[in-house]
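The sequence and structure come first.

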Amino acid sequence: MITSATFDKADFTPDVLICVDQSGIIDRVISATDSDYQSVKQTAKNQDILHSVKKGSYILPGFTDLHIHAPQWPQAGLALDKPLYEWLNTYTFPLESKFKDLTFAKKVYHSLITELLANGTTTGLFFGTVDTESNLVLAKICAQLGQRAFIGKVAMDNPKQTPTYYRDDSSATAINETENFIKAIFSLQKETGAELTPVVTPRFVPSCTAETLTGLGQLAKKYNLPIQSHCSESNWEDQYALDNFQKRDSQVLDQFGLLTDKAVMAHGTKLTDDDLNLFNHRQTALAHCPISNVYFGNGIARIKKAHHSQVKVGLGTDISGGFSPSIYRNMQQAIMSSQMLVDLKDQSARLTTDNVFYLATIGGAKALHLNSGQIRSGYKADLQIVSDKYFNISIKQPHAIFERLIYHTTKEDIQQVYVSGKLVHNKLGENNG
Ligand SMILES: O=c1[nH]c(=O)c2nc[nH]c2[nH]1
């Protein structure tokens, strides 16, 4: 198995038993040198509860995707040659407005969640749409398919920055509908036992009025909930805050109580050292979306710098500013983009495979205050079993295997995925589950 130990180091352990209890928590990780390895293995075999992994396959923690716009899944990979403002208004808002049709919503969300699980994503932090009912459809599908989900009703009511056909019709509506959604998710949680959490979700500063930002900050405090939004994603967004509030984007969010230790802000390509210090003081996390940033970011987020400024950082696909639902694909891009910063003369910016694996597992879990992302006793049994497709021809030294998995794993190589010990994706058939 491979699990991240620190930002700089992944641990590789051959021949382990991962014992999962009835509630889906890892009870023990027993290595081959432990005295009861053989007896525990034999007992599990006798009880027919031993799941074995074939030679050339490895157990990794499931990934956390810290930034997904669920309703944008049907346009993943489309119109990415347009700038953000035009992409939002011409393509994205019209698509998101279609989710009032709940039959359409069901079809899209079923496809998306199946795809995320198949790609090894065990926890997702989702933006829904403005429409509460369609967000509940998303929550029910996550419950049904076993995806751990943090979901937000998107609040956007600024008539100057949002179209009439797709906005909350007033600040009161944005706030009341957010509260209704929070209560509905609490009920659904109780009813199904699913791991669902409502998230306070101002789309971004430009799309919300000051009244709405104030009300949402208060709601997050009242219910002690996570918050998600975008911060300093692009030149345009960064400048909007300066022009309209005479403050940095991060300071505007902070002024409304939206930078908390439970907040996750996407992108941050334009964050200054002072912004990063503010994130650190508030213990706000950053969702790094490296593929999306290539298209809309007007720059590369300084992830090494953020980490060394003690800002919590995880990875996001940003469907559909990013085209790929795979966190593997985003780990690869995070490394490649950081290398461009190195080439632009910041020698300390380079991210390694160990670094991005940390972001995808421990980083994401810390951002959401979850005891997940590691294969250790006391952590949720979020696991993916991955086969090394070049095992027969390649170097078998542990770190080489690890790097190969990070660079070459696609959905086809992910055999099984478990969320809290429950099998949620299985390519191996009934008898091997
Ligand atoms: O990449 C992005 N995708 C979005 O949907 C969005 N909305 C505001 N800002 C955004 N950025």
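## Helix packing and ligand shell

Helix α3 (residues 102-118) and helix α4 (residues 132-145) cross at roughly 40 degrees, and their axes come within 9 Å. That makes α3 oblique to α4. The model is predicted: local features need pLDDT of at least 70, side-chain atom pairs count only at pLDDT 80 or more, and totals for chains, interfaces and linings use all residues. Residue numbers start from 1 along each chain as its sequence is written.

Helices (H or I, at least four residues) and strands (E, at least two) are DSSP runs, numbered from the N terminus. Axes are lines fitted to C-alpha atoms, for helices over the stretch in contact, and angles run from 0 to 180 degrees between N-to-C directions. Angles under 35 degrees count as roughly parallel, over 145 as roughly antiparallel, 65 to 115 as roughly perpendicular and the rest as oblique.

The crossing of α3 and α4 is right-handed (the near helix is turned clockwise from the far one by less than a right angle). On the α3 side, the contact includes Leu102, Ala105, Tyr109 and Ile113, and on the α4 side Val137, Leu138, Ile141 and Leu145 are among the residues. Contact here requires C-beta atoms, placed from the backbone, within 7 Å. The residues of this contact divide into 10 nonpolar, three polar and two charged. In this grouping Ala, Val, Leu, Ile, Met, Phe, Trp, Tyr, Cys and Pro count as nonpolar, Asp, Glu, Lys and Arg as charged, and the others, Gly among them, as polar.

| Helix pair | Angle | Axes |
|---|---|---|
| α5 (residues 171-192) and α6 (residues 210-223) | about 20 degrees | 8 Å apart |
| α12 (residues 327-343) and α13 (residues 353-367) | roughly 135 degrees | within 9 Å |

Ser171, Ala174, Ile175, Thr178, Glu179 and Ile182 of α5 meet Glu211, Thr212, Gly215, Leu216, Leu219 and Tyr223 of α6. That contact holds six nonpolar, four polar and two charged residues.

Helices α12 and α13 are oblique to each other, and α12 passes α13 in a right-handed crossing. Ile327, Met331, Ala334 and Ile335 of α12 make the contact with Thr353, Val356, Phe357, Leu359 and Ala360 of α13. Eight of these residues are nonpolar, one is polar and none is charged.

Which residues surround the ligand? They are His69, Leu84, Leu88, Thr92, Arg203, Phe204, His230, Glu233, Ser292, Phe296, Asp318 and Gly321, where a residue is near a molecule if its C-beta atom, placed from the backbone, lies within 6 Å of it. By type, the shell has four nonpolar, five polar and three charged residues. Helices α2 (84-97) and α10 (290-296) each supply at least two shell residues. The largest share, three residues, comes from α2.

Two backbone details lie in loops. The peptide bond from Ile319 to Ser320 is cis, with omega near 5 degrees, and Ser320 sits in the loop between β13 (313-315) and α12. Gln246 is not a glycine, yet has a positive phi of about 55 degrees; this residue is found in the loop between α7 (235-245) and α8 (249-255).

In an unreviewed entry, UniProt lists residues 58-424 as "domain: Amidohydrolase-related". UniProt positions are given in the numbering used here, feature names are shortened, and annotations may be inferred rather than shown by experiment. Over residues 58-424 the chain is 45% helix and 17% strand, with the end C-alpha atoms 17 Å apart.

Terms used: Two residues are in contact if their C-beta atoms, placed from the backbone, lie within 7 Å.
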